[in-house]
Amino acid sequence: MAVGNRPKSALPGSGHALTTLEAMIAWGRKYSIYPFTFATACCGIEVMGAFGTHYDLSRFGAEVVRFSPRQADMLLVAGTINYKMAPVMVRIYEQMLEPKWVVAMGACASSGGFYNNYTVLQGIDKILPVDVYIPGCPPNPEGIIDAVVALQKMMETGAPRASERWPIKI
Amino acid sequence: MTELVGAQRGRGKLDLHAEPMILNIGPSHPATHATLRLVAELDGEMIRSLIPEFGYLHRGFEKESENATWTQVVPYTDRLNYVSPLMNNVGYAMAVEKLCGIEVTERCKYIRVLICELSRIIDHMVCIGANMVDLGALTNFWYFWKPREEVYMQLIEPLCGQRLTTAYTRIGGAMWDLPEGWVEKCRNVCRTAILPAIQDVNALLTKNRIFIERTMGVGPITAKDAIALGFTGPCLRAAGVPLDLRKDETYLVYDRFDFDVPIGLKGDTCDRYLVRMEEMRQSVRIIEQALDQLPGGPVNIDDTRYVLPDKQLVYTNIESLMQHFKNIMEGIQVPAGEVYSATEAANGELGYYIVSKGGKGPYKIKVRPPCFPLFQAMPHLCEGQMIADLIAVLGSVNIIAGELDR
Amino acid sequence: MAEETKSPVLRKLIERFGDAIVSTHSDFGDDTALVRREKIVEICTFLRDDPDLLFNFAMDLTGVDYLGETPRFEVVYHLYSLEKRHRVRVKVRLHEEDPTIDSVVSVWPGIDWYEREAYDMYGIVFRGHPNLKRILLYEGFVGHPLRKDYPKAKRQPTMGPEE
């Protein structure tokens with residue numbers, strides 16, 4: 001199951017006061033997430049499986065995969081990030097427009113996985129603010145669906161995004 | 001000879017002064033399957049020179065395996081070629097077994113052949129599917145993804161417990177035997193999911209004019225150049241060289257099956273696609289024959305120096321308990337020496353060079369990735385062609401970054 | 001040495017190069033020859049061109065670090081012949097103070113990147129290589145990680161995006 005800042009109640013306004021306008025915007029946002037799949041390794045294959053016909057992610061609205069960061073609002077980091085790839089990932093993150101969410105998929109993106117050596121970044125949260133972590137190596141495509149649902153709950157209740165409370169620092 | 005109309009006079013051939021442009025087809029690009037970088041110097045659309053760069057997925061496989069025991073290296077080998085992980089496991093187990101001098105049981109050999117051929121089929125499906133997505137033919141991707149899911153859910157997951165990173169083989173055998181009903185399910189999946197999908201994609205692509213124009217003559221290579229550059233696998237066979245380790249240096253029980261090895265003519269993208277499609281059909285042939293000939297008997301060898309003893313014995317017999325303890329805590333004891341063992345993976349020759357100094361883990365493991373020489377030859381394949389051709393070639397060469405970078 | 005060698009490949013190598021071959025063995029079924037580094041290009045050209053040997057595939061090149069032994073490094077070539085279907089392994093030992101060896105890119109063009117990787121991981125310098133730069137690691141990396149005295153979990157400083 002995906003782990004994140006999951007609010008307890010699904011009612012809008014729980015913990016945060018939301019106007020009707022904001023609630024409507026949140027409703028629109030959560031059903032049209034545009035993911036940017038930053039798929040480097042094995043988790044990328046499971047991402048392709050999640051978008052496939054069996055574990056259909058388009059049921060949850062997150063179907064339109066955008067390969068340009070300017071057009072995406074969710075950065076799905078699937079796979080190991082090493083020191084050579086890290087600046088590339090940070091540059092992609094900086095190019096995305098607010099509001100944006102980051103999902104760390106798999107053990108390697110969450111904490112380095114079982115690679116603890118001179119070349120692997122021990123978790124992307126060392127350099128990027130992360131909203132949802134999906135454990136697994138690789139996680140089932142159902143884990144990705146769970147992460148999208150958790151993200152939708154966060155959007156719906158107006159929970160603060162990770163990028164707001166964690167300024168990016170190099 | 002009509003005279004040119006006044007407005008067009010003197011404009012017949014514009015003498016443009018063009019400078020070459022450097023285009024970075026960067027590591028985060030949908031067509032590079034992430035983590036590959038190509039720096040192209042372009043003259044208009046024509047590629048003048050190409051510099052490939054990689055290493056964006058270097059995870060330190062060799063350094064990690066130096067600090068692990070012999071059995072702990074098996075999960076690391078899964079992540080090498082992650083679209084056909086079972087083949088990497090088999091290759092590693094075979095290399096260590098060559099070093100130990102042990103030979104696995106008949107049933108284990110047949111099971112290894114079965115899982116290797118299934119992995120080959122799913123690897124080729126990803127390759128062709130992804131290649132076609134880059135060319136704009138998205139339907140084939142979905143047509144091939146359905147049998148992949150069938151193989152994952154009906155065959156690999158009941159067998160290994162995991163869909164993708166399987167870690168199935170062990171030194172001296174396998175994790176456990178085939179579950180009940182697996183043989184029937186395998187036949188069923190081959191007949192109802194894999195072969196119809198191959199037929200569908202064949203109907204969509206092979207005689208399709210757009211596909212032929214996009215891929216025929218794109219990225220050709222001669223047999224002589226392919227050998228000099230170190231090609232192996234479908235790309236070499238597409239260039240006309242009949243090298244297939246399953247036939248030429250037979251390992252496991254491949255000599256008991258009747259199958260053909262497809263050879264191409266010109267080594268271009270169309271040939272590579274056709275070779276892969278035919279190889280999938282031949283793999284289904286091998287699977288059917290292997291299922292017919294599958295013998296009974298144990299999967300693991302009887303030698304408890306390498307294989308954990310039976311659970312019943314561990315609970316009742318003191319020697320088995322001690323052996324179990326030693327195997328887990330200290331790792332299996334492999335003699336000192338060095339060995340190179342190669343198998344025919346989906347992409348070519350996957351070689352493992354293992355140096356052992358006795359002891360609980362390897363002193364050094366080097367993996368010879370099949371796509372290393374293929375990516376090295378990208379400038380040779382693409383220079384003089386256009387950018388759109390580069391994308392077609394890159395997909396057809398099937399670079400898996402996990403294997404390339406290790 | 002010559003009495004133990006039963007393999008025709010190794011026998012041919014020894015009778016042609018004599019004392020440039022330090023030792024040979026065929027453990028575990030793999031023919032192996034340990035040679036001196038001065039003659040490596042000649043040996044490789046002979047292996048490729050001789051009509052009985054015809055090793056036209058350079059399958060692999062790697063380095064090994066035997067920390068504690070002298071000479072410390074070893075460069076290992078794996079070759080395969082398409083017509084004759086046989087394999088051979090050629091090894092060269094290099095000292096720690098002078099880990100240089102001639103490049104064999106002129107013999108097999110496909111061995112180019114393998115030599116770059118051995119340079120990147122072990123620091124072995126190949127003389128005459130057209131483009132000896134780091135290949136797997138980024139430019140600012142310090143050290144050669146596959147050496148045995150490089151700690152596995154040494155952290156690098158995280159770099160921001162350039163320019």
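The model is a predicted one.

**Chain A against chain B**

I next looked up the contact between chains A and B, which takes 26 residues from chain A and 23 residues from chain B. Two or more residues of the chain A side come from each of strand S2 (35–39), helix H2 (42–50) and helix H3 (86–95) of chain A. H2(A) gives the largest share of the side of chain A that touches chain B, five residues. By class, I recorded this side as 14 nonpolar, ten polar and two charged residues.

**Chain C as a whole**

I listed three helices and seven strands in chain C. Read from the N terminus, their order is α-β-β-α-β-β-β-β-α-β. The C-alpha trace of chain C spans about 60 × 35 × 25 Å along its principal axes. Of the 163 residues in chain C, 40% are buried. I also checked the contacts in chain C between residues at least 6 apart in sequence: 46% of them join residues at least 24 apart.

**The sheet of chain C**

I traced an open sheet of five strands in chain C, with the order S1-S2-S5-S4-S3 and mixed pairing. Which strands stand at the edges? They are strand S1 (21–25) and S3 of chain C; each has a single partner strand, so one side of each is left without a neighbour in the sheet. The twist from one strand to the next averages 20°. I found that S1(C) and strand S2 (residues 32–35) of chain C run antiparallel and are joined by four bridges. In S2(C), Val35(C) is the bridge partner of Ile21(C). H3(C) packs on the sheet, where it touches S3 and S4 of chain C, and its direction makes about 10° with that of S3(C).

I turned to helix H5 (residues 141–156) of chain A, which has 16 residues. From first C-alpha to last, H5(A) reaches 23 Å, close to the 22 Å expected at 1.5 Å a residue. Its buried residues include Ile144(A), Ala147(A), Val148(A), Leu151(A) and Met155(A). Just after H5(A), I noted that Gly158(A) takes a positive phi of about 70°.

The largest nonpolar core has 226 residues, and those with the most contacts inside it are Val77(A), Val103(A) and Leu151(A). Helix H4 (residues 106–135) of chain B gives the most to this core, with 17 residues. Leaving aside neighbours within four places in sequence, I found Leu151(A) in contact with Ile33(A), Met74(A), Trp101(A), Val103(A), Asp131(A) and Val132(A).

Is Met155(A) buried or exposed? I recorded Met155(A) as buried, because 21 other C-beta atoms lie within 10 Å and the cut-off is 20 or more. Beyond neighbours within four places in sequence, Met155(A) is in contact with Ala26(A), Arg29(A) and Lys30(A). Tyr118(A) is 37 residues from Met155(A) along the chain, and their C-alpha atoms are separated by 37 Å.

How values were computed. Residues are numbered from 1 along each chain as its sequence is written. Chains are lettered from A and ligands numbered from 1 in the order in which they are written. This is a predicted model: local features need pLDDT of at least 70, side-chain atom pairs count only at pLDDT 80 or more; totals for chains, interfaces and linings use all residues. A residue is buried if 20 or more other C-beta atoms lie within 10 Å of its own, exposed if 12 or fewer, and partly exposed in between; C-beta atoms are placed from the backbone. Two residues are in contact if their C-beta atoms, placed from the backbone, lie within 7 Å. The expected span of a helix is 1.5 Å times one less than its number of residues. A nonpolar core is a set of buried Ala, Val, Leu, Ile, Met, Phe, Trp, Tyr and Cys residues joined through C-beta atoms within 7 Å. Ala, Val, Leu, Ile, Met, Phe, Trp, Tyr, Cys and Pro count as nonpolar, Asp, Glu, Lys and Arg as charged, and the others, Gly among them, as polar. Two strands pair if DSSP finds at least two bridges between them. Axes are lines fitted to C-alpha atoms, for helices over the stretch in contact, and angles run from 0 to 180 degrees between N-to-C directions.
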